[in-house]
Amino acid sequence: MKGGTQDVLMGGALLALVLPWAATTLIWLGTPLLAPSDLFQFAVFALVFSRTMLYLGFPRLRKLSWGASVILFSGDFLMLPAAAAVSLVTGSQSQLAFASSYIASWFSASLLIYPAVAAFVIANALRQKARLVFVLPAAVCSFTITALVLVAMGSTAASQGFTGVLGAALAGIRHPVLPPEWALVITTFCGAVLFVSLAAYAVVGRSDTDKELAPKLSLGVAGAFGLLVWILALPRVGPVLTLGVPTLVIISVLWVASRES
Amino acid sequence: MRLTERGRDYLLAVLLLETVGLAIGASLFAALALALAFTALISLVLLKLRVSSSLDISTNESRIRLFKHQEGRLTLTLRGKRDRWTSPKVESVAFDGAVETRVLADGEDYVVRVKPLKAGRFAGFRIHVGLSDVIGLFSVRRRVVLEQVVMDSLPISLLSRAGAERTFPVIIGEIPAGYPGKGQEFYGIETYSEHSESRDILWKRAANSPHRPLLARVREANSPESVSIMVAHGEIGEESRADCIDIQCEALGSLGGTLLANGVEAVIVGPDGVSRPAKTEEELADAIMETSGVGVAAVRGEIRTGELGILVAVGDLPGNAMAYLGRRPVVFVGNKRRHPLDRYSVDFTGAEDLSRVVGLVLAG
């Protein structure tokens, strides 16, 4: 992939992932009720924040295996079964209560901080021409979670505590709310940018010359046009039938075609 | 048609994206998956439309001549089908025979490094071209054979003979060999024996000293102007053919080189019965290469003696073959030693010195 094209794709994806996160952070910072209310919550927040800073600041940490990275960022979950075991042995519920409140605070802090890490990791993966099978789902998941938190906080930020960031997100999943207009604009714009960036990244691959780049991009445009025609031509019968089934059929056709001798 | 590594990654990613998009209710990304699937489908259709069109491949030279184990270069050019929607790529190349090859991309062209591991003539330059679609998801492998490209791998024995000191001087007319034989020139005197001819007895000396042993003149041998080296092929297994031809070339190089170094023309008679005279090293190399390219099956089991000088017997000769040979030097190559070796025959494996065989012929 040419340096310029790669920079544009990476910049687009980074913008699409960081903008909702930045808006979420602004809401959080502008809402005193959502700030850590005691030393414990602040300590949990600081713990998550410092891990993120360490990860971003030390390249050697970024070279850790996936398993080690997952443990580094979400090893806190192990506290729950450990606390449950201790509670069973001692008969006291205090350890379990402590672990539960820790995990709730950790979740809130993670929802606020980790999208930035995810954006960094995905942009880095784009730069290093990582495999599509990682980049596409990871970018989509990261964007969706960030957008969900943004919409949920924009709608219900008024009366929650620090752990309410998680509560707002969960409430947003259970009862989808109509997002404020500004949140809708941000998520739609960022979603479109991410759509284009990921489509271009998937289609362009590793082009070395401008000569190769143009036909690839035009093919991507043709694919997007095909999608548009398909959506306009078909009645709205639900995303599974409109999008899921045809995708599956096309993949099957491509798979079978690649098998013929 | 096959999926490339990128193609597998792409399709798996599209499938995952669709699943994730539908699972989390993000229709936008499910739509992205469908758009990517459409793109792949269009790309496949374009590849299918162009896959049957011909490929034009050429090389910068049609004949490469190298010594065995010497590395050379060949430039391949793909013309015509470098269009916008397919990208041909040379994946591998090979000769019919033991030739090490390596392909390196060099801009629009490809540089093929070739290194023959055995001597002989190798034809049939096979090129495997991978034709992939524009986004590199699918690939079709096509094989192109350039019959006109020939590689001559010269035996190393030619190198070792190049510039060798000549034992026998070249003169106009008869060439005295420098050793006793049946020529006209005086070589020396020896005591008469049953092998000596009576016309060589020094009668005057015998008359002066009747009680002393008879002395006889020894004549000097004449070097022949040319010596034939006949190549005869017996049964050769297909798996050992390249080895046999390699050793055959080495034997011809060694014998022919020695003859040339002695001022004698080498006439190589191939298994096809065609004589290929060689007065220079260049002609000798040509003759060896032409002989190595002659098919085995055409003359299997037939021994032509004719003006036989030295026989290079490759493979297992027919049982009655030795009857035709007489007392002629035979260089056995790849033989299962059905015939006992005597002073006229050599079992050659590629490195032995064959100057003794040449000496036997030159001595008449």
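## A strand inside the sheet of chain B

Val314(B) stands opposite Val333(B), which belongs to strand β17(B), in a model that is predicted and in which local features need pLDDT of at least 70, side-chain atom pairs count only at pLDDT 80 or more, and totals for chains, interfaces and linings use all residues. Residues are numbered from 1 along each chain as its sequence is written, while chains are lettered from A and ligands numbered from 1 in the order in which they are written. Strands here are DSSP runs of E with at least two residues, helices are DSSP runs of H or I with at least four residues, and both are numbered from the N terminus.

Four bridges join β16(B) to β17(B), and these two strands run parallel; two strands are said to pair if DSSP finds at least two bridges between them. Strand β13 (residues 226–233) of chain B is also parallel to β16 (residues 310–314) of chain B, with five bridges joining them. Within that pairing His233(B) stands opposite Val314(B), and Met230(B) has Leu311(B) as its bridge partner.

## The whole sheet

What is the order of the strands in the open sheet of chain B? The six strands follow the order β15-β14-β13-β16-β17-β18, and their pairing is mixed. Because β15 (275–278) and β18 (345–348) of chain B stand at the edges, each with a single partner strand, one side of each is left without a neighbour in the sheet. From one strand to the next the twist averages 20°, where axes are lines fitted to C-alpha atoms, for helices over the stretch in contact, and angles run from 0 to 180 degrees between N-to-C directions.

Five of the five residues of β16(B) are buried, so this strand is largely enclosed by the rest of the structure; a residue is buried if 20 or more other C-beta atoms, placed from the backbone, lie within 10 Å of its own, exposed if 12 or fewer, and partly exposed in between. Both faces are covered, with Ile310(B), Val312(B) and Val314(B) buried on one side and Leu311(B) and Ala313(B) buried on the other.

## Helices on the sheet

Helix α5 (residues 241–261) of chain B lies across β13, β14 (265–269), β15, β16, β17 (330–333) and β18 of chain B, and runs at about 170° to β16(B). Helix α6 (residues 281–292) of chain B packs on the sheet as well, touching β13, β14 and β15 of chain B, and its direction makes about 160° with that of β15(B); contact between two residues means that their C-beta atoms, placed from the backbone, lie within 7 Å.

Of the 21 residues of α5(B), 17 are buried, so that the helix is mostly covered. From its first C-alpha to its last, α5(B) reaches 29 Å, close to the 30 Å expected at 1.5 Å a residue, the expected span being 1.5 Å times one less than the number of residues. After α5(B) comes Gly263(B), whose phi is positive, near 75°.

## Where the two chains meet

The contact takes 37 residues from chain A and 44 residues from chain B. On the side of chain A that touches chain B, α11(A) gives the most, with 12 residues.

## Confidence in chain A

The mean pLDDT of chain A is 80, and 92% of its residues reach 70 or more, pLDDT being the predictor's confidence in each residue, from 0 to 100. Within chain A, confidence is lowest in helix α8 (residues 164–174), at a mean of 72, and highest in helix α11 (residues 239–259), at 87.
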